[in-house]
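Here is a short report for a first look at this structure. Keep the sequence and the 3D view at hand while reading.

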Amino acid sequence: MTGLVNPADLAASLIYSIIGILVFCSAFFVVDKLTPYDLWKELVEKQNKALALVVAGVGLGLCIIIAASIH
């Protein structure tokens, strides 16, 4: 046993993590542009909690799909 962490596995994990984050951000940007209102204004200024739950659900759904496709 040479070490606890294989450098190749660590590098692959970092690369896939970065790819997943980039795909998530771009997909969330698309969702933001497809909605008929400004998500940021609704969430931050008006504090629309129902919309926040919907956006959180969309975010989790995107993360699950991205993680499954990368895995």
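**Helix α3**

The model is predicted. Helix α3 covers residues 49–70, which makes 22 residues. From its first C-alpha to its last it reaches 31 Å. That is close to the 32 Å expected at 1.5 Å a residue.

Which residues of α3 are buried? They are L51, V55, G59, L62 and I66. Seen down the axis of α3, these buried residues fall within an arc of 75°, so they line one face of the helix. An α-helix has 3.6 residues a turn, so residues three or four places apart point the same way.

The other side of α3 holds exposed residues: K49, A50, L53, V54, L60, I64 and A68. What covers the buried residues of α3 includes α1 (7–34) and α2 (39–45).

The N-terminal end of α3 has a cap, N48. A side-chain oxygen of N48 lies 3.3 Å from the backbone nitrogen of A50.

**F24, in helix α1**

Turn now to F24, which lies in helix α1. Its relative accessibility is 23%, so F24 counts as partly exposed. Leaving aside neighbours within four places in sequence, F24 is in contact with G59, L62, C63 and I66. Among these, G59, L62 and I66 are buried residues of α3. F24 and G3 are 21 residues apart along the chain, and their C-alpha atoms are separated by 33 Å.

**E42, in helix α2**

E42 is found in helix α2. Not counting residues up to four places away in sequence, E42 touches Y37, Q47, N48 and L51. Of these, N48 is the cap of α3, and L51 is one of the buried residues of α3.

Side chains of opposite charge can pair when their charged atoms come close. How many salt bridges are counted? The count comes to one. K46 forms a salt bridge with E42, and the closest N and O atoms are 3.3 Å apart. Is E42 buried or exposed? E42 counts as buried, because its relative accessibility of 17% is under the 20% cut-off. K46 counts as exposed, because its 53% is over 50%.

The table sets out the accessibility values.

| Residue | Relative accessibility | Class |
|---|---|---|
| E42 | 17% | buried |
| F24 | 23% | partly exposed |
| K46 | 53% | exposed |

Note on methods
Residues numbered from 1 in each chain as written. Predicted model: local features only at pLDDT ≥ 70, side-chain atom pairs only at ≥ 80, totals over all residues. Heavy atoms only, no water. Helix = DSSP H or I, 4+ residues; strand = E, 2+ residues; numbered from the N terminus. Expected span 1.5 Å × (residues − 1). Buried < 20%, exposed > 50% of the residue type's maximum accessible area, 1.4 Å probe, protein only. Arc of directions from axis to C-beta. Contact = heavy atoms within 4.5 Å. Polar contact = N/O pair within 3.5 Å; in protein donor to acceptor, adjacent residues only side chain to side chain. Salt bridge = Lys/Arg side-chain N within 4 Å of Asp/Glu carboxyl O.
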